[in-house]
Amino acid sequence: MRRAPSDASRRGKAAGFTLVELLVAVTIFGVLSGIAYRSLAVVLDSRGRIEQENRKWRGLAALFARIEQDVAAVAPRPIRDAGDLVGPAFVGGAAARLNDGAIVLTRTALAAEPGAAEPPRRLGYRLRGGAVELLTWSALDQAPRSEPAVAAVLRDVTAFDLRYLDRRGQWHASWPPPGIAAGETAIPAAVEVAVTLVSGERVTRLFPTSTRLPQ
């Protein structure tokens, strides 16, 4: 007569897993792990794209803010260039002799402390090698072979276009326009800056100078 299995034997068999059960559990764990990994990868990729977009727009906003401050503080003070020739206080486009997408101006310096006095500065912007560069000269009247300090302020740029509005409300591709001598102090009423990014966006801003805009 066959003896019935004891309670201890039944508990031992119930506590174990068969090979099939282990394979099913491993398969389910692998599927869930794959789903979790893909979800995490999507989240990280989205986060990276958002951070990249934020950096792009912050950089563009910083460039426009800097140009706005410089254009608003332009000073009508002609200079002598490295060839000892009189140059206008404000030049843009081909007249800047840097490239067509360029602007050079004399601006009043911002004092570090209230009541302090600082001399005007000579600075400019240009597009080179896919980056908008800031150029600063150590003095207004330049010595022979003097070169500006150069710093990239915005990268991944395909176009840096500028237009100049005169006091009569007419736009010009370069400044000074025809009919204004190099040594005159004329400055435009406003400057239009258009930046085209590698990603395809084109953003345009209009910045008035210290001269009143035409009515």
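Predicted model: local features only at pLDDT ≥ 70, side-chain atom pairs only at ≥ 80, totals over all residues.

Me: In what order do the strands of the open sheet stand?

Reply: In general, strands of a sheet pair through backbone hydrogen bonds, either parallel or antiparallel. Strands here are DSSP runs (E, at least two residues; helices are H or I, at least four), numbered from the N terminus, and two strands pair if DSSP finds at least two bridges between them. In this model the order is β9-β8-β10-β11, with antiparallel pairing. β9 (171-172) and β11 (202-208) each have a single partner strand, so one side of each lacks a neighbour in the sheet.

Me: How many bridges pair β8 with β10, and how many join β8 to β9?

Reply: Strands β8 (residues 157-165) and β10 (residues 190-197) share 8 bridges; A159 faces T196 and Y164 faces V191. Between β8 and β9 there are 2 bridges, with L165 partnered by W171. Their hairpin has 5 residues between the strands, and G169 there takes a positive phi near 90°.

Me: Which geometry does the pair of F64 and F207 have?

Reply: A pair of aromatic rings is described by the distance of the centres and the angle of the planes. Rings of Phe, Tyr and Trp (its six-membered ring) pair if their centres lie within 6.5 Å; planes under 30 degrees apart are stacked, over 60 edge-to-face, the rest tilted. The structure holds 2 aromatic pairs. F64 and F207 are tilted, at 6.0 Å centre to centre and 55° between the planes. F64 lies in helix α2 and F207 in strand β11, so this pair ties together parts 143 residues apart in sequence. F90 and Y164 are edge-to-face, at 6.0 Å and 80°.

Me: Are F90 and Y164 buried or exposed?

Reply: Buried means under 20% relative accessible area, exposed over 50%, partly exposed in between (1.4 Å probe, protein chains only). Both F90 and Y164 are buried, and F64 and F207 are buried as well.

Me: And what about I28?

Reply: I28 lies in helix α2 and is partly exposed, with 46% relative accessible area. E68, in helix α2 (residues 19-72), is partly exposed too, at 42%.

Methods: Residues numbered from 1 in each chain as written. Heavy atoms only, no water.
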